[in-house]
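Dear colleague,

I am passing on to you the structure we spoke about, with the sequence beside it.

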Amino acid sequence: MTNALRPLVAGNWKMNGLCESLGEIQTIVTACVGAGAEAPEIVICPPATLLMAASDICQDCRIRLGGQDCHSEAFGAHTGDLSAPMLADAGASYVILGHSERRADHGETDHMIMTKARTAFRANLAPIICVGETKAQREAGEALSVVGEQLKGSVPVDPGARVMVVAYEPVWAIGTGLIPTAADIVEMHDFIRAELCRSLPGRGETIQILYGGSVKPENVSEISKLSNVNGVLVGGASLKAEDFLKIIAVYR
Ligand code: PGA
């Protein structure tokens, strides 16, 4: 069990947030001023349109920003896409990759996610690589094998010293209010840890594994205590500073 890693609390705003939502980030920054080294790492992933303004707000504070996706190439003729160097230039330090909504809405494959992760590394972004099974796959007893395949296909095995994070997000738990049992979360996180240690000798035990899917102020305390859960990736409950701060407070 590796719970000694510094916890990471990441907020994924998805396709939500206008300029007026920057006030939520300001509230989080103000509340976190003066937090000590024992405090969790905090990452906010607003839509890319807000990154530069959010970066101004977060200047000189320990809150990091992230993108929600990047292209597999650094520049070029890809209308509508954003690249890893652009996200870094706008103030991001992290990028979420392979979220199930990207896999479903944009047909992203494990191979594409692996390629994006390598591009992210070159831009000095830390990828948060998402994996997770569907409801049908869990009911068919395939959850571990599906996630095992996703890890094999999408997590680079040669990150060197670069920061990389894995997020387990069961598709059926995202935005539904449903969460797996504690035993199921532990089984999956222990499995992911074992897979990372096998494929990345010497590095696997240093990679934070986040749980994501209907994390709320009411359930985060129990989740935070589970084996190999090194933090959370929060969607809906990260949109309001009040809720996100309650989640952060559990890790203090
Ligand atoms: P949720 O989303 O917290 O709203 O379930 C989590 C995610 O998709 O990252």
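Is Ser100 buried or exposed? Please bear in mind, here and below, that this is a predicted model. Ser100 has a relative accessible area of 16%, and because the cut-off for a buried residue is under 20%, Ser100 counts as buried. Ser100 is found in helix 4, and once its neighbours within four places in sequence are set aside, its contacts are with Val171 and Ile174.

As background, nonpolar side chains in soluble globular proteins tend to be buried together.

Phe244 leads on to helix 10, which covers residues 241-250 and whose buried residues are Ala241, Phe244, Ile247 and Ile248. Seen down the axis of helix 10, these buried residues fall within an arc of 125 degrees, so they line one face of the helix. They are covered by several elements, including strand 1 (8-12), helix 1, strand 2 (41-45), helix 9 (220-224) and strand 8 (231-234).

Helix 1 also holds Thr27, which at 40% relative accessibility counts as partly exposed. Thr27 touches Ala241 and Leu245, not counting residues up to four places away in sequence.

On the surface, Phe75, Leu82 and Met86 form a nonpolar patch, and together they have about 300 Å² of accessible area. Leu82 sits in the loop between strand 3 (64-67) and helix 3 (84-89), and with a relative accessible area of 37% it is partly exposed.

Turning to charged pairs, the structure holds 14 salt bridges. In one of them the side chains of Lys14 and Glu101 meet, at 2.9 Å from N to O. Lys14 lies in the loop between strand 1 and helix 1, while Glu101 lies in helix 4 (residues 100-106), so this pair ties together parts that are 87 residues apart in sequence. Glu101 is partly exposed, with a relative accessible area of 31%.

With Glu133, the closest N and O atoms are 2.7 Å apart, and Glu133 counts as buried at 0% relative accessibility. With Asp184, the closest N and O atoms are 3.6 Å apart. Asp184 lies in helix 8 (residues 182-199) and Arg138 in helix 6 (residues 135-139), so the pair ties together parts that are 46 residues apart in sequence. Asp184 counts as partly exposed, at 25% relative accessibility. Elsewhere, salt bridges that share partners join Asp69, Arg102, Glu108 and Lys116 into one network.

Helix 8 is also the place of Met188, which is buried, with a relative accessible area of 0%. Not counting residues up to four places away in sequence, Met188 touches Glu133, Arg138, Ala143, Leu144, Val147 and Tyr168.

Finally, two residues deserve a look for their backbone angles. Most residues other than glycine have a negative phi. Ser214, however, has a positive phi, near 60 degrees; Ser214 lies in the loop between strand 7 (208-212) and helix 9, and is buried, with a relative accessible area of 8%. Asn228 likewise has a positive phi of about 60 degrees although it is not a glycine. Asn228 is found in the loop between helix 9 and strand 8, and at 2% relative accessibility it counts as buried.

With kind regards

Terms used:
Residues numbered from 1 in each chain as written. Predicted model: local features only at pLDDT ≥ 70, side-chain atom pairs only at ≥ 80, totals over all residues. Heavy atoms only, no water. Patch = residues over 30% accessible without salt bridge, like charges linked within 9 Å, V, L, I, M, F, W, Y side chains within 5 Å. Areas by Shrake-Rupley, 256 points an atom, 1.4 Å probe, with all protein chains shown as cover. Salt bridge = Lys/Arg side-chain N within 4 Å of Asp/Glu carboxyl O. Helix = DSSP H or I, 4+ residues; strand = E, 2+ residues; numbered from the N terminus. Buried < 20%, exposed > 50% of the residue type's maximum accessible area, 1.4 Å probe, protein only. Arc of directions from axis to C-beta. Contact = heavy atoms within 4.5 Å.
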